[in-house]
Amino acid sequence: MAKFLTNREENYSQWYNDLVIKADLAENSAVRGCMVIKPYGYAIWEKIQAELDRLFKATGHVNAYFPLFIPKSFFSKEAAHVEGFAKECAVVTHYRLKNDENGKGIVVDPTAKLEEELIIRPTSETIIWHSYKNWIQSYRDLPILINQWANVVRWEMRTRLFLRTTEFLWQEGHTAHATREEAIEETEKMINVYAGFAENSMALPVIKGYKSETERFAGALDTFAIEALMQDGKALQCGTSHFLGQNFAKAFDVQFTDRTGKLDYVWATSWGVSTRLMGAIIMGHADNHGLVLPPKLAPIQVVIIPIYKNIEQLATLSETANKIKAGLEALGISVKYDDRDNNKPGWKFADYELKGVPVRLAIGPRDLENKTVEVARRDNLTKETIPIDKVNEHIPKLLEDIQANIFNKALNFRKENTFYVDKWDDFLKILDNQGGFIMAHWDGTKETEEKIKEESKATIRCIPFDSPEEDGKCIYSGKPSKRRVLFARSY
RNA sequence: CGGGGUGUAGCGCAGCCCGGUUAGCGCAUCUGGUUUGGGACCAGAGGGUCGCAGGUUCGAAUCCUGCCACCCCGACCA
């Protein structure tokens, strides 16, 4: 078979780039660092959105929308927050263009300078908390459980399609609560929603945990994250949920009267996932033939390909194929019948494999005669022939089976690539050889964390919630430690 | 932003070092025909501001300057 993709083993990042382009998910745009998400890629994002939106609403949240622009002054109200984001903000300074007097096209009109510059949101805490000030007076106004689907801009140095783009799509939840406990509960609830989504829908096992102080969100008291292991042994942060304490309430002076009549600041959380999840799906499951989409997020779950010698034969096949299609659609399965005549079946087989379609049905005269259909599954590339009248029974089970199988495959990969390490030499050796997750002791200090990062390029991905207490010595400093934390090189 | 590389048709590339009439190849596209159970074949056709802007020259894809974009490696990050 001819090579259409760079081999994953040869050059992982080239393979990734090839895949995104060739599977028609996205492409680079005329603007540096910004991508065009193409219909097939966007369809996957829409599936992600739909399921997350359902989960948010099921946990009591509602959607709203806040502006793209944030007055510069808002941004500086929370000290840690501005510190964290200042270096990557796009700024609007003017509101008008004009024709150049020297005939050199269009220029910024210097008389149209804004009184106060506007920041294009890198995240919306500030403008949202400015609104919340007006919305909250009493404990009866709480909690506020709002999510918004939006685009944000972070002026990154180096970008990669889906993993890190200058503009990206995401959702950001911003909640306000009367008590610290309730806000912490919300923060935990949402990291669990994310973890559930990653594992159930994306078929990607994740580790939930706390971020170390240095890795925390700018302005948060605590950040929870889910971390997934990619096939090249690097970690990808897939979602974060932040306990913001009263920091933003204080910065924007949002106080409420509690049950006892006492005035207090509101407690906050924020949480988000982005189009980066697309990258996680790709790097978590895809192979040298292309994408492997989890059935629950695949825009096309089943593709039917006719094999025929002439138009008359195609017409006969189409009759059966359309019946199969209608039957599966009635079961809520998305089916594409590809009867285009410009490509041969072999071409289509390869193309749908590249696009990660979970199940392919091929039907030809031979099948028609035997009342059968050939079923090929994308996850393990096996084929079987089944009677047509068993399709409605077989395919739903098969989709579930594929969903479970790719999850288990990813889980096994993670198990095989998670190492409990106690010696610094082994730590470095593992990172350089195969990568993976490393569970090791850490003395809890910023200094050690920094040194480890410098010398190994690995960071603390998180302190897993379920990491058991055990006495040990820090992998780097040898000082005492109570539990292992999760290290990895990351995206 | 630092180091390295690349930019020529929708895609992948040759030509550039050593300037010279109409800029070439493969894939894709279009037309006609034969095909169709794992990326078909034959014949014909269309498609180019040679990344952009200046400069040198009788003449620039080719030489010079600046800029832009993309890729890889670092620092920053979801």
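**View 1. The salt bridge between Arg96 and Asp109 in the predicted model.** Arg96 forms a salt bridge with Asp109, and the closest N and O atoms of the pair are 3.2 Å apart; a salt bridge here is a side-chain nitrogen of Lys or Arg within 4 Å of a carboxyl oxygen of Asp or Glu. Side chains of opposite charge can pair when their charged atoms come close. Arg96 lies in the loop between β5 (91-94) and β6 (97-99), whereas Asp109 lies in the loop between β7 (106-108) and β8 (113-120), so the pair ties together parts that are 13 residues apart in sequence. Helices (H or I, at least four residues) and strands (E, at least two) are DSSP runs, numbered from the N terminus. By the rule given above, the count comes to 25 salt bridges.

This is a predicted model, in which local features need pLDDT of at least 70 and side-chain atom pairs count only at pLDDT 80 or more, while totals for chains, interfaces and linings use all residues. Residues are numbered from 1 along each chain as its sequence is written, chains are lettered from A and ligands numbered from 1 in the order in which they are written, and side-chain values use heavy atoms, with hydrogens and water left out.

**View 2. The packing of helix α2 against helix α6.** Helix α2 (residues 39-58) packs with helix α6 (residues 180-200) at an angle of about 145°, and their axes are 11 Å apart. Axes are lines fitted to C-alpha atoms, for helices over the stretch in contact, and angles run from 0 to 180 degrees between N-to-C directions. On the α2 side the contact (heavy atoms within 4.5 Å) is made by Ile48, Glu51, Leu52, Leu55 and Phe56, and on the α6 side by Met190, Val193, Tyr194 and Phe197. These residues divide into eight nonpolar, no polar and one charged, where Ala, Val, Leu, Ile, Met, Phe, Trp, Tyr, Cys and Pro count as nonpolar, Asp, Glu, Lys and Arg as charged, and the others, Gly among them, as polar.

View 3. Helix α1 (residues 12-22) and helix α8 (residues 276-285) pack at an angle of about 120°, with 11 Å between their axes. Tyr12, Trp15, Tyr16, Leu19 and Val20 of α1 meet Gly279, Ile282 and Met283 of α8, and by class this contact has seven nonpolar residues, one polar and no charged. Arg8 lies in the segment before α1, and, not counting residues up to four places away in sequence, Arg8 touches Trp15, Gln231, Ala286, Asp287 and Asn288.

View 4. Chain A is divided into domain 1 (12-91 + 123-285), domain 2 (300-398) and domain 3 (418-488), with bounds that come from an automatic or database domain assignment. The C-alpha centres of domain 1 and domain 2 lie 40 Å apart, and five residues of domain 1 are in contact with four residues of domain 2. The area buried between these two domains is about 430 Å², of which carbon and sulfur atoms give 62%; buried area is the accessible area (1.4 Å probe) that two parts lose on being put together, summed over both. Lys22, Ala23 and Tyr40 supply 74% of the area that domain 1 buries against domain 2, more than any other three residues.

View 5. The peptide bond from Leu142 to Pro143 is cis, with omega near -5°, and Pro143 has its place in the loop between α5 (125-135) and β9 (144-153). Ala203, in the loop between α6 and β11 (207-210), has a phi near 60°, a positive value in a residue other than glycine.
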